[in-house]
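User: Could you walk me through this model before I set anything up? I would like the caveats first and then the details.

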Amino acid sequence: MARLSADRLWRWALWAATALVLAFLVVPILAVLPLSVNDSRFLTYPLRGFTDRWYIEFFSDPRWTRALANSAVLAVSSAAIATVLGTLAALGLALAEFRGKAVLLALLLSPLVVPVIVFGVGLALFFGQVGLVRTFPGLLAAHVALGAPFALLTVGAALASFDRTLLRAAQGLGASPAVAFRRVVLPLIAPGVLAGFLFAFATSFDEVVVNIFIAAPEHRTLPREMFSSLRENVSPVIAAAATLMTLVAAVLLGTMEWLKRRTRRMTVSA
Amino acid sequence: MSAPAASLDAVRPPVRTIGRDGRRRLLAAGLVAPLAAFLLFAFAAPIIWILGYGVADNELASVWPRVSAELRDGGDELPPDEAVFAALAADLRGSQASRTAATAARRLNYALPGGRSLVTQTARALADRQEPDPGGGWRETLIALDPAWGERETWVALRQASGPVSAFFLLSAADLRLGADGLERAPPEQRIYLAVLWRTFAVAATVTAAAIVLGFPVAYFLANGPPALASVAMVLVLLPLWTSLLVRTGAWVVLLQDQGLVNGALMALGLTSEPVRLLFNRTGLTIAMVHISLPYLILPLYATMTTIRPELVKAARSLGASPAVAFWRVYLPQTLPGLAAGALLVFILSLGYYITPALVGGAGDQLVSYFIAFYTTETFNWGMAGALAILLVAATAILYVFYARLAGPRGLSLG
């Protein structure tokens with residue numbers, strides 16, 4: 001009996017601690033959302049009443065709309081390029097064993113760990129030399145570099161669980177390597193490719209340090225404008241921008257979870 | 001059917017494997033090459049470029065080529081002989097004529113207090129003189145203009161700056177410099193970098209410790225709680241990870257301000273009668289950084305916890321261990337690889353924070369990243385920026401090697 005109540009106490013403590021920490025993780029993000037429709041010039045509680053004027057202000061200010069467009073264009077295009085480069089490299093690394101493979105992989109993944117400030121100032125100086133500072137291609141290249149390692153990782157993980165006898169079976173049934181790749185390999189690694197795209201997209205959509213150092217004023221992105229606004233004039237328009245960005249995050253997370261569940265089902269049924 | 005095929009295989013394997021293997025390797029190289037080449041240009045080159053500035057030291061040599069060459073090739077005796085003084089005089093005149101004396105003045109001033117005025121005044125005084133003072137050489141002439149030219153300290157600084165590489169900026173990053181008698185501590189007013197590095201480590205350590213305390217129960221719940229609730233909890237852990245860093249940091253700016261929710265709650269609970277200052281100081285910075293770092297601790301720890309077999313704890317309990325003992329002696333040790341991996345990841349990421357300290361930290365809470373940015377864009381002291389970048393990248397790389405060992409090849413994947 002004594003042991004049972006100790007167990008129960010233990011469990012309640014665990015649940016309470018978990019609930020508190022989860023609240024700490026999520027409440028700050030959710031608390032900003034209502035302020036985007038709050039009828040007050042200040043970002044403070046209690047709420048005063050409903051208004052849509054912060055969204056109207058957001059969508060009628062070219063500074064914000066241009067930033068939104070820049071973020072979208074950069075995220076989609078850099079994630080697409082990063083996914084292609086990362087997928088090809090993951091296939092190449094899975095094809096052959098060679099000396100120094102682990103080192104090569106670590107180098108290809110290094111954009112994930114090198115502090116972004118070092119990358120940012122390095123870009124400012126190096127791209128300055130080659131004429132890519134304050135250009136769209138320069139910004140795009142930086143975003144691809146930050147996103148490609150994610151595609152390499154996710155496709156690599158998908159290939160690691162790939163059953164190679166399937167390829168032999170396809171060849172035995174008369175499929176050419178190209179056909180075997182398209183009809184067998186590609187469908188099986190597709191979730192990894194899509195996951196890589198989502199990570200690369202989120203990385204680009206979130207990126208702000210590189211933008212601070214090498215972007216021209218007309219190439220500023222949404223996080224970049226938020227950074228300036230938070231430093232200069234904190235207005236509820238920021239809450240509107242934050243809400244839009246949180247929505248994008250929720251969609252990305254939802255897609256990712258759907259993908260994971262689908263992959264798990266496929267693995268279980270296989 | 002299968003027998004002939006098998007015997008054919010037995011006859012041909014060497015030839016076939018080599019041929020196929022060669023083609024396969026070529027294909028593999030061709031597939032990896034685009035990404036490798038791209039990253040070499042768009043990632044490695046910029047990094048190497050800025051790190052190179054940390055050891056390159058050719059500012060002085062670019063404007064004072066003659067005296068720099070003499071000092072690089074010359075003997076150990078400092079101050080040097082007349083030939084080197086003559087080269088210095090020629091360079092001083094030359095740089096005054098081409099208006100580059102300020103570059104030399106700036107570089108010398110990094111290493112020598114008063115170096116700037118020494119160079120600019122001497123250069124001005126020498127501007128229209130072709131010959132040294134009658135009855136003496138350039139040595140006597142320069143020392144007459146400013147006795148500092150006769151001091152060993154001046155020449156140690158000059159020789160160290162003569163390029164093409166030097167440890168000057170790296171030493172400066174450790175508050176050290178090369179004085180007349182070897183290594184010495186920088187003058188008190190220039191001792192700022194060790195404090196910045198220490199602050200960066202202290203903040204990272206605090207954030208890591210807080211993340212361990214807060215993250216452990218959540219990871220345990222994710223691994224051992226009721227599956228339906230645990231999957232909801234997982235979404236709540238992942239949502240902040242997918243949300244923009246700017247949104248998360250901005251949220252804390254809003255919540256921690258004097259009229260923010262946190263102060264409102266504190267006052268409503270009667271814990272304080274007037275707003276507590278939570279923004280633009282270490283408290284706010286730590287809270288925001290812990291919030292941003294938590295998922296990186298929770299996920300590797302959770303991954304390790306899912307591999308721990310619950311029977312082991314049950315066995316310990318049935319053998320008479322109390323819950324606390326079973327947890328401490330049986331469960332906790334098995335979580336250590338994941339805990340260490342998560343803690344290292346949080347620590348590594350914390351070393352590189354730039355945006356969050358800029359927005360929620362005060363002037364005294366800026367980490368090493370801030371100074372790298374400051375020297376690059378504000379004072380154009382790229383050598384100092386490069387030296388601090390070398391230290392930051394080196395610390396990150398060393399910790400990353402440990403992390404990769406602990407977390408395995410897939411340790412970097414998230415979610």
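User: What kind of model is it, and how are things numbered?

Analyst: This is a predicted model, in which local features need pLDDT of at least 70 and side-chain atom pairs count only at pLDDT 80 or more, while totals for chains, interfaces and linings use all residues. Residues are numbered from 1 along each chain as its sequence is written, and chains are lettered from A and ligands numbered from 1 in the order in which they are written.

User: How many residues of chain B are in contact with chain A?

Analyst: On the chain B side there are 72 residues in contact with 75 residues of chain A, where contact means that the C-beta atoms, placed from the backbone, lie within 7 Å. Helix α2 of chain B, residues 13-55, supplies the largest share of that side, with 19 residues; helices (H or I, at least four residues) and strands (E, at least two) are DSSP runs, numbered from the N terminus.

User: Switching to chain A, which domains does it have?

Analyst: The assignment gives domain 1 (30-60 + 235-270) and domain 2 (76-231), with bounds that come from an automatic or database domain assignment. The C-alpha centres of these two domains of chain A lie 26 Å apart, and eleven residues of domain 1 are in contact with eleven of domain 2.

User: Back to chain B: how do α19 and α20 cross?

Analyst: The axes of α19(B), residues 368-377, and α20(B), residues 382-407, come within 8 Å and cross at roughly 155°; axes are lines fitted to C-alpha atoms, for helices over the stretch in contact, and angles run from 0 to 180 degrees between N-to-C directions. That crossing makes α19(B) roughly antiparallel to α20(B), a label for angles over 145 degrees. Among the residues making the contact are B:F371 and B:Y375 of α19(B) and B:W382 and B:L388 of α20(B), and the contact residues divide into ten nonpolar, one polar and no charged.

User: Which peptide bonds are cis?

Analyst: A cis bond joins A:Y45 and A:P46, with omega about -5°, and A:P46 lies in the loop between α1 (2-35) and α2 (53-60) of chain A. The bond from B:G163 to B:P164 is also cis, with omega near -5°.

How values were computed: Two residues are in contact if their C-beta atoms, placed from the backbone, lie within 7 Å. Angles under 35 degrees count as roughly parallel, over 145 as roughly antiparallel, 65 to 115 as roughly perpendicular and the rest as oblique. Ala, Val, Leu, Ile, Met, Phe, Trp, Tyr, Cys and Pro count as nonpolar, Asp, Glu, Lys and Arg as charged, and the others, Gly among them, as polar.
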